[in-house]
Amino acid sequence: MSSIHNLHDRPASAAAPTVPATDATPHALSSRLVMLLAVAAGLAVASLYYSQPMLGILATDIGASDLHIGYVPTLTQLGYAVGILLLAPLGDRHDRRRIILVKTIALVAALLAAAAAPSLGVLLAASLAIGLTATLAQDIVPAAATLAPPSQRGKVVGSVMTGLLLGILLSRVISGGVAEALGWRTMFVIAALGVGGIGVATWRALPHIAPTTTLAYRALLASLLDLFQRHAALRRAALAQGLLSLGFSAFWSTLAVMLHAEPFHLGAAVAGAFGLAGAVGALAAPVAGHLADRHGPEWVTRLGSGLAALSFALMCASPLLTPHAQLWLLALSTIGFDLGVQAALIAHQTIVYGIDPGARSRLNAVLFVGMFVGMAAGATLGSAALAHWGWLAVTALATLAASAALAVRFWRVPAA
């Protein structure tokens, strides 16, 4: 382990041919463009979650079992993870403006294919395609970071991430209502229209963004490991955010099951309402970005990790309270840990984007792969903890993971 921490960062040119890259841009990053990027990122990532509240309706209408219909969100998430790894690095090799247009067209096509799916097999194929092309969101965020002046990068990234996070949090609420009123196919059509409209508007408003490397595709993918090995800051960011995501996912993957059981006996709608409480964290993302610009992102990562750990730890007191008081504690803790996790993510992105301007898409891919590994581990471990030891074990797991993330952020590494 010590040999890893003693590695020193080298300029990107030492490992790969690059096109000269600077943070300067002749185009002003207007508030209108930032808003467009935020909405585009939110609508793109929301495509991943529309199906989840509609699974019951989908299963009945398409004639699928509960087990088989569960493959719909599974393939969507799998497609997103694979897309981040295999497609997001292309943003360093090609004009991101062109990539955004191509992925917008592909995502619209995938959503329309889902809307028209005559069978489960077609729907599963469309779900995988939706996941792959929804990585459009991971092209928009690095584009915003590239266009932003260094002194405002944290604030701009935070603003765009607000849109992305609200897309995640509100997609389930919207799709459930639309599916009940107009049908699940209509929801996919509305999603396609939204992505198409905002995608075209964003493409027209974005300036051309020059490629920053001439690496061939295979070498581009191989450089992900090289970047991970050379940059201690990247390793720490991916590890810490992965640990926070583990606790985050353990909570959300078990909350509905816990609320359905004694002593609450509450339905899925209540679990969805807790997602609205998490929207506070998304709305605070620009504040986290501003704090990262003013006080430094390292300070914000510690603040966010500490807030998440404290919020998870407070939930361990639930057995001492009445059911009514437990719900209030859950709501307040949800606001706290969501704010902490999102603040840490904004700060980690600020750190990662500052490592090498010529490799921002690849650096972002590594960070988000770490996040999704943590999310997958959290869902698995959280479900096992709830099944074997109950809700207190889930909160203990989340507290331990967030505390480990805080320890990573306090871990001293040699200066590069």
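Predicted model: local features only at pLDDT ≥ 70, side-chain atom pairs only at ≥ 80, totals over all residues.
User: Which residues are joined with E298 into one salt-bridge network?

Analyst: A salt bridge is a side-chain nitrogen of Lys or Arg within 4 Å of a carboxyl oxygen of Asp or Glu, and R302 forms one with E298 at 3.3 Å between the closest N and O atoms. These two residues are about one helical turn apart, because they sit four residues apart in helix α15 (residues 297–315); helices (H or I, at least four residues) and strands (E, at least two) are DSSP runs numbered from the N terminus. Through salt bridges that share partners, E298 is joined into one network with R236, R302 and R409.

User: Is R409 buried or exposed?

Analyst: R409 is found in helix α18, and, leaving aside residues up to four places away in sequence, the residues it touches (heavy atoms within 4.5 Å) include R236, E298, R302 and H348. Its relative accessibility is 2%, so R409 counts as buried.

User: How many residues apart in sequence are the parts tied together by D61 and R185?

Analyst: The side chains of D61 and R185 meet in a salt bridge with an N to O distance of 4.0 Å. D61 lies in helix α3 (residues 55–62) and R185 in helix α10 (residues 184–205), so the pair ties together parts whose separation in sequence is 124 residues.

User: Which helices are tied together by the salt bridge of D139 and K103?

Analyst: The D139 and K103 side chains meet at 2.8 Å, N to O. D139 belongs to residues 137–147 and K103 to residues 96–115, so the pair ties together parts 36 residues apart in sequence, namely helices α8 and α6. D139 and K103 are both buried, and the helices asked for are α8 and α6.

User: At what angle do helices α17 and α18 pack?

Analyst: Two packed helices are described by the angle between their axes and the distance between the axes. Axes are lines fitted to C-alpha atoms, for helices over the stretch in contact, and angles run from 0 to 180 degrees between N-to-C directions. Helix α17 (residues 360–389) and helix α18 (residues 391–410) have axes 7 Å apart and pack at an angle of about 145 degrees. The contact involves, among others, L381 and W389 of α17 and W391 and L397 of α18, and the angle is about 145 degrees.

User: Which helix supplies the largest share of the nonpolar patch?

Analyst: L78, V82, L85, L86, L128 and Y217 make a nonpolar surface patch of about 460 Å², with areas from the Shrake-Rupley method and a 1.4 Å probe, where for residues only the protein chains shown count as cover. Patches are made of residues with over 30% relative accessible area and no salt bridge, like charges being joined within 9 Å and nonpolar side chains (Val, Leu, Ile, Met, Phe, Trp, Tyr) within 5 Å. Y217 is found in helix α11 (residues 217–230), whereas the largest share, four residues, comes from residues 71–86, helix α5.

Note on methods:
Residues numbered from 1 in each chain as written. Heavy atoms only, no water. Buried < 20%, exposed > 50% of the residue type's maximum accessible area, 1.4 Å probe, protein only.
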